Amino acid sequence: MSSAIGDYAFLSDSQGSALVDRSGSIDWACFRRFDAPSTFARLLDDDGGHWRLAPAVEADDGVHRDAAGTVVQRSYVEDTLVVRTVFRTSTGSVSVTDALVFRPEQRGHGIGDAAPHCLVRLVHGLHGEVEMALELAPRPEYGAVTPMWQRCSGGAHARGGSEGYVFSSPVEIDLDGGTASARFSVAAGQRLGFALQAVDPFVDWPGTWPTGRIRAWLHGTIRGWQSWSSTHQAYEGPYAELVHHSGRVLHGLTYHPTGSIVAAATTSLPEQPGGTMNWDYRYAWVRDASLTLNALWVAGCPDEVERFFDFFVSAAGGQVGSAPLQIVYGIAGERQLPESTLDHLDGYRDSRPVRVGNEAWRQEQLDVYGEMLDAAHLFADDIGAFDQAQARFLAGLCDLAAERWRQTDHGLWEDRGEPRDHVYSKLMCWVALDRGIDLAGHLGVDDETERRWVAERAAIRSEILERGWSDQEGAFVQAFDGATLDASALMLPIVGFLPGDDPRVLATIDAIDERLTDDDGLVFRNGDDGTAGEGTFLLATFWMAHAEALAGRTAAARDRFELAARHVNDVGLLAEEVDPATGELLGNFPQAFSHVGLINAARAIGRA
């Protein structure tokens with residue numbers, strides 16, 4: 001059975017990812033690409049595959065169990081996404097250090113397609129002697145394939161479906177039924193290295209890795225992350241440790257061969273346990289990626305910007321002037337992300353269906369124009385002159401915002417019902433034009449175009465102020481002429497549409513605080529979420545802290561920020577939501593949006 005969502009640590013080589021729990025079990029891993037079919041998916045089904053490496057005792061039925069009374073402590077190695085777990089048992093203590101490794105020349109920057117797609121685990125005896133148990137059960141294609149094993153010098157090969165694996169082991173292993181297992185003891189000072197590398201089974205198989213090579217690549221990966229952190233993280237404001245760690249998480253969610261940024265590392269972790277709100281987040285949403293880029297800039301990591309724009313210019317295919325910009329693309333720029341269900345998987349805590357792909361690619365959401373132009377505006381000085389393709393792309397987005405802002409859409413929360421006049425979508429069209437007008441000289445637009453943008457910006461503003469405000473609620477609301485509160489209204493001051501101390505902003509903050517929070521003060525996305533049994537939304541809570549800081553309510557902003565930040569797990573990671581009843585993390589993990597909100601709210605508090 002998988003652990004709670006908040007029990008996992010995140011590993012990344014900026015191409016693929018893995019999640020390891022406190023018991024030493026890797027229950028999720030996608031090699032090569034974040035959106036590749038999983039090798040381990042016990043997170044979604046008991047038979048989905050895993051790799052456990054931890055102290056063990058022999059139970060009466062002969063099955064390896066966790067050692068009774070084991071004390072577990074873990075943390076990321078300083079300034080890295082390399083996890084070190086210390087197990088203390090009655091006979092001694094041992095550490096296990098886990099990483100998806102970089103090649104030495106990558107230095108943590110993940111450039112190109114150079115990652116070896118290799119998961120390494122180094123066992124180090126600290127004192128006494130500890131008996132260890134290893135169980136490696138790769139199950140490619142989301143658990144649909146049980147691979148065949150074959151011994152080789154230094155370990156074993158496994159192949160099944162389209163995947164092959166080279167397993168390096170310094171100890172004797174048993175091979176049975178698609179699973180490799182071992183029992184061995186580790187004494188103080190002893191180091192044993194294990195590795196699992198994803199390979200193409202139809203070409204020559206590489207050799208196994210001895211412990212010395214595993215140690216060298218692990219130490220090189222640690223130095224690479226630390227090099228990246230030391231050269232890319234300059235933020236010195238409040239909550240700096242959380243901000244810097246969140247920056248590393250966002251860097252770890254960046255697919256470096258293309259510069260795209262995934263919304264999360266997982267699929268189908270539920271927004272409501274046992275429910276059906278289970279989506280695949282391993283893709284590049286324009287909104288998430290743009291806001292992530294802004295947060296990386298705050299965290300001191302601005303060098304991804306040109307590759308980010310190149311990715312979306314390429315993904316859009318130069319047709320943005322005649323077709324809407326999609327809200328989401330595959331991480332290599334794929335336009336079609338057909339959604340299907342994996343009915344052979346039980347789902348996390350029986351939350352079905354398990355989905356791969358995401359039908360949101362078919363939706364039109366007008367806010368994406370504003371997110372792209374806001375990022376371009378923020379980074380204009382870093383980019384310098386936009387090249388011809390970038391300028392045409394951004395000007396085309398402004399034209400689309402001017403032409404389409406009166407249309408209905410599915411909104412920020414990707415409602416699969418009928419489209420509506422969402423206030424947030426109109427607001428971000430206003431942002432697109434506001435930033436585009438300021439950048440007009442850089443985009444090469446003529447005076448007539450700029451005048452049209454100015455007129456449409458004024459029209460949007462008038463409509464939001466008149467129809468986005470509800471006298472009934474005494475606040476800005478979710479959709480024109482409606483009466484449903486929505487946390488996205490907190491973005492009105494954040495994007496500069498109204499001052500933070502405007503009476504209408506203050507009234508909206510108060511209304512959300514009074515009617516859209518749980519008993520602790522965490523914020524729901526909108527007025528429907530609490531009654532539907534969904535969790536509170538961490539990004540919305542950080543938005544609240546951000547808006548309170550802009551309103552001059554600095555003490556309240558700090559309290560709100562710390563309330564949300566209290567839900568980071570023991571290694572500083574956040575999911576999408578929090579269960580109001582239990583405090584457990586819900587939704588896909590780690591969630592870029594939550595870490596984006598943390599970074600931006602911390603900066604706003606510092607400025608206040």
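Which elements do the buried residues of α13 pack against? In this predicted model, they pack against β22 (469-470), β23 (475-476), α12 (491-494) and α15 (538-550).

Let's look at that helix first. Helix α13 covers residues 503-515, so to speak, and its 13 residues reach 18 Å from first C-alpha to last, close to the 18 Å expected at 1.5 Å a residue. V505, T508, I509, A511 and I512 are its buried residues. Seen down the axis of α13, these buried residues fall within an arc of 165°, so they line one face of the helix. Over on the other side of α13, P503 and E514 are exposed. At the start of the helix, D502 uses a side-chain oxygen to reach within 2.8 Å of the backbone nitrogen of R504.

Now for a loop residue. N278 sits in the loop between β17 (260-261) and β18 (284-285). N278 counts as buried because its relative accessibility is 0%. A polar atom of its side chain lies 3.1 Å from the backbone oxygen of G275. Leaving aside residues up to four places away in sequence, N278 touches S268, P270, E271, S351, R352, P353 and R355.

| Side-chain atom | Backbone atom | Distance |
|---|---|---|
| D502, oxygen | R504, nitrogen | within 2.8 Å |
| N278, polar atom | G275, oxygen | 3.1 Å |

Finally, the core. The largest nonpolar core has 200 residues, and those with the most contacts inside it are W51, F167, F184, F194, L325, Y369 and F561. Helix α9 (residues 423-438) supplies the largest share of this core, 10 residues. In soluble globular proteins, nonpolar side chains tend to be buried together.

Technical notes: Residues are numbered from 1 along each chain as its sequence is written. This is a predicted model: local features need pLDDT of at least 70, side-chain atom pairs count only at pLDDT 80 or more; totals for chains, interfaces and linings use all residues. Side-chain values use heavy atoms; hydrogens and water are left out. A nonpolar core is a set of buried Ala, Val, Leu, Ile, Met, Phe, Trp, Tyr and Cys residues joined through side-chain atoms within 4.5 Å. Buried means under 20% relative accessible area, exposed over 50%, partly exposed in between (1.4 Å probe, protein chains only). Helices (H or I, at least four residues) and strands (E, at least two) are DSSP runs, numbered from the N terminus. The expected span of a helix is 1.5 Å times one less than its number of residues. The arc is that of the directions from the helix axis to the C-beta atoms. Contact means heavy atoms within 4.5 Å. A polar contact is a pair of N or O atoms within 3.5 Å; within protein, one must be able to donate a hydrogen and the other to accept it, and residues adjacent in sequence count only if both atoms are side-chain atoms.
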